[in-house]
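Keep the structure open as you read.

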Amino acid sequence: MNDLLLRACRGEAVPHTPVWIMRQAGRYLPAYRALRKRYTMLEALRDPDLAAAITLLPLETFDLDAAIVFSDILPPLIGMGLDLTFVPGVGPRLEEPLRTTKGIDRLRVPPAVEAMPETLETIRRVKPILRVPLIGFAGAPFTLASYAIEGGASRTYSRTKALMYSEPAAWDRLLTKLTTVVADLLKEQVKAGADCVQVFDSWAGALGPADYVRFVQPYSRMLIAQLPAPVIHFSTGTGSYLNAVACAGGDVIGVDWRVALDDARKAVKRPVMGNLDPVTLLAPWRELKAHIDDVLQRAEATGHIFNLGHGILPETPVENVRRLVDYVHTATSQA
Ligand code: CP3
């Protein structure tokens with residue numbers, strides 16, 4: 001069993017730096033694209049056989065040090081009573097976004113065994129086959145709230161911020177409900193066999209540091225404090241207040257490429273994950289290699305999980321992923 005990822009989470013010495021890739025089971029893989037022609041995103045993640053096969057796809061192709069269960073951060077919103085569709089070529093959409101305090105009070109808080117049983121079953125199926133750690137995941141309360149309120153991606157997050165500022169009590173009720181749902185989901189993922197979990201706060205960077213501390217940090221802290229396995233706390237755009245993100249918790253802090261990894265390490269004083277710009281995988285090898293070298297040079301030999309700073313792009317050449325994974329292993333191998 002290769003447990004380098006778990007050792008890196010604890011800041012222990014490792015024979016080489018572990019590497020995995022956010023969205024590793026995704027559209028840059030021809031086999032994934034072929035499967036997705038026959039099933040919608042929701043069909044795929046609600047079918048444990050299919051989701052298990054997709055989880056394993058990247059591990060059959062690359063020498064990765066971790067698997068991440070194939071699912072998504074948004075389907076838990078369906079169990080809470082919101083509609084969600086994945087519109088091809090556009091992304092996830094809510095027909096009726098959350099826009100009223102009444103809507104917030106109507107939201108259900110179902111247990112994960114009822115609302116997300118297929119993802120738990122996917123974990124049970126892949127766990128016995130794997131020879132690397134299995135990562136479970138969920139969206140952080142803030143990122144889920146902003147998706148529920150905006151109804152899709154947003155440039156300004158104005159409706160989310162408007163609710164936060166104008167109805168602070170309703171904001172508290174909403175984030176508390178989301179925290180309950182996500183905490184239960186992650187605990188059940190660990191029970192089902194996940195070795196560690198990642199909390200995705202992909203949109204936390206929409207806020208300034210003071211608003212992060214006031215409107216987001218308390219809920220992320222409440223969530224992370226309950227989790228019974230190592231936690232990777234990932235966010236983007238938060239480079240100038242990573243200390244506040246780290247303050248909410250997480251054994252490992254995942255960072256994007258907008259911050260230098262050595263600065264991140266100093267700010268959070270614990271293991272870090274990241275942070276290659278995903279777009280460099282579209283560049284010629286000499287440029288890609290230079291960027292990988294820069295990440296590795298800024299990282300410490302211990303307490304680093306190599307990853308991209310955000311999800312891999314669909315147009316990424318498969319061959320570049322193979323080269324990246326193998327190069328990180330060789331370059332960091334302790335003789
Ligand atoms: O990392 C993995 O391979 C595990 C699976 C995984 C998916 N989504 C599958 C997926 C994970 C960890 C996620 C997380 C996720 N989903 C986040 C947080 C990370 C991030 O990128 O910020 C967010 C914000 C979402 C919501 C979401 N799901 C969006 C915005 C989109 C559409 C745009 C995009 O980047 O693809 C999705 C769809 C989605 N989730 C796909 C996959 C493989 C593509 C679906 C397809 O077209 O086949």
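Q: How far does a polar side-chain atom of Arg36 lie from an oxygen atom of the ligand?
A: This is a predicted model: local features need pLDDT of at least 70, side-chain atom pairs count only at pLDDT 80 or more, and totals for chains, interfaces and linings use all residues. Residues are numbered from 1 along each chain as its sequence is written, and side-chain values use heavy atoms, with hydrogens and water left out. A polar contact is a pair of N or O atoms within 3.5 Å. For Arg36 and the ligand oxygen, the distance is 2.7 Å.

Q: Which residue has a side-chain N or O atom 2.6 Å from an oxygen atom of the ligand?
A: Ser202 has a side-chain N or O atom at 2.7 Å from a ligand oxygen. The value of 2.6 Å belongs to His310.

Q: Is Tyr157 buried or exposed?
A: Phi of Tyr157 is near 55°, a positive value in a residue other than glycine. Buried means under 20% relative accessible area, exposed over 50%, and partly exposed in between (1.4 Å probe, protein chains only). Tyr157 has 10% relative accessibility, so this residue counts as buried.

Q: Is Lys269 buried or exposed?
A: Lys269 also has a phi near 55°, positive in a residue other than glycine. Its relative accessibility is 72%, so Lys269 counts as exposed.

Q: What is the omega of the peptide bond from Gly274 to Asn275?
A: This peptide bond is cis. Its omega is near -15°.

Notes
A polar contact is a pair of N or O atoms within 3.5 Å; within protein, one must be able to donate a hydrogen and the other to accept it, and residues adjacent in sequence count only if both atoms are side-chain atoms.
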